[in-house]
Amino acid sequence: MENYLTSISLVTKMASNDYVGFTFFVGCMAMMAASAFFFFSMNDFDTKWKTSILVSGLITFIAAVHYWYMRDYWATVGESPTFFRYVDWVLTVPLMCVEFYLILKVAGAKKSLMWKLIAASIVMLVTGYFGEAVYNTGTGPAVWGLISGLAYFYIVYEIWFGSAKKLAEQAGGAVLTAHKTLCWFVLVGWAIYPLGYMAGTPGWYEGLGNLGLNMDVIYNIGDAINKIGFGLVVYGAAVAAKKTT
């Protein structure tokens, strides 16, 4: 009982206008709930879709654990948990790329496609971290942000116009529908991350900070929408494929 009361006394009170802490907490709960949903629904589908839903659950679970820690870090230190956020992304974003490969396997997707997308995502994240946390003065953020952006646009090109698109068109049906929706998530949903990057680093785009944009709030909202949304698209495709069999 004494240990319990001690732990309660260590809880940091969240201010009513602490939108960063609020979005960390809500994001954590939302992604934990999504993980439970994906894990419990896995056995409703055959092996092909079961793996995709498992990966969806892993993405949201990894993010939820990181968000729980990042919320505490923010409440205690009062600083953006940039390092831990990038650790989260290095684990989850490549898994989101794996989802493209998994749903396209039915059309004959090769592992080379998966590794190309994973490699591009890692370049995007590592260079983004350099610009945001390591070389974050002078022209550093702009230069590293440009390299990160080029890697991002490579992913966009590959899934919208490259071999991934051709495979999705060959598969048709639920696979094509899911692929198109995931492509929109990458094009529109992932665009929120460059906005967060620009809001948190110096450069010609510094005017974004004057608009009242907060880097962590942008990232938190984007993470919850993109990661849960990715999983729901895959789940929807699995349900649609099941109805046609």
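This is a predicted model: local features need pLDDT of at least 70, side-chain atom pairs count only at pLDDT 80 or more; totals for chains, interfaces and linings use all residues.
Visitor: Which ground rules apply here?
Guide: Local features need pLDDT of at least 70 and side-chain atom pairs count only at pLDDT 80 or more, while totals for chains, interfaces and linings use all residues. Residues are numbered from 1 along each chain as its sequence is written, and side-chain values use heavy atoms, with hydrogens and water left out.

Visitor: Are α2 and α3 roughly parallel or antiparallel to each other?
Guide: Helices are DSSP runs of H or I with at least four residues, numbered from the N terminus. Axes are lines fitted to C-alpha atoms over the stretch in contact, with angles from 0 to 180 degrees between N-to-C directions. Helix α2 (residues 19–41) packs on helix α3 (residues 47–77) at about 155°, the axes being 8 Å apart. Angles over 145 degrees count as roughly antiparallel, so α2 and α3 are roughly antiparallel.

Visitor: Which helices do the buried residues of α2 pack against?
Guide: Buried means under 20% relative accessible area (1.4 Å probe, protein chains only), and contact means heavy atoms within 4.5 Å. Among the buried residues of α2 are F24, M31 and F38. The buried residues of α2 pack against α3, α4 (82–104) and α11 (215–243).

Visitor: Which residues of α8 are buried?
Guide: Helix α8 (residues 173–189) has 17 residues and reaches 23 Å from its first C-alpha to its last. Its buried residues are covered by helices including α6 (140–160) and α9 (192–200). They are V175, A178, H179, L182, C183, F185, V186 and G189.

How values were computed. Helices (H or I, at least four residues) and strands (E, at least two) are DSSP runs, numbered from the N terminus. Angles under 35 degrees count as roughly parallel, over 145 as roughly antiparallel, 65 to 115 as roughly perpendicular and the rest as oblique. Buried means under 20% relative accessible area, exposed over 50%, partly exposed in between (1.4 Å probe, protein chains only). The expected span of a helix is 1.5 Å times one less than its number of residues.
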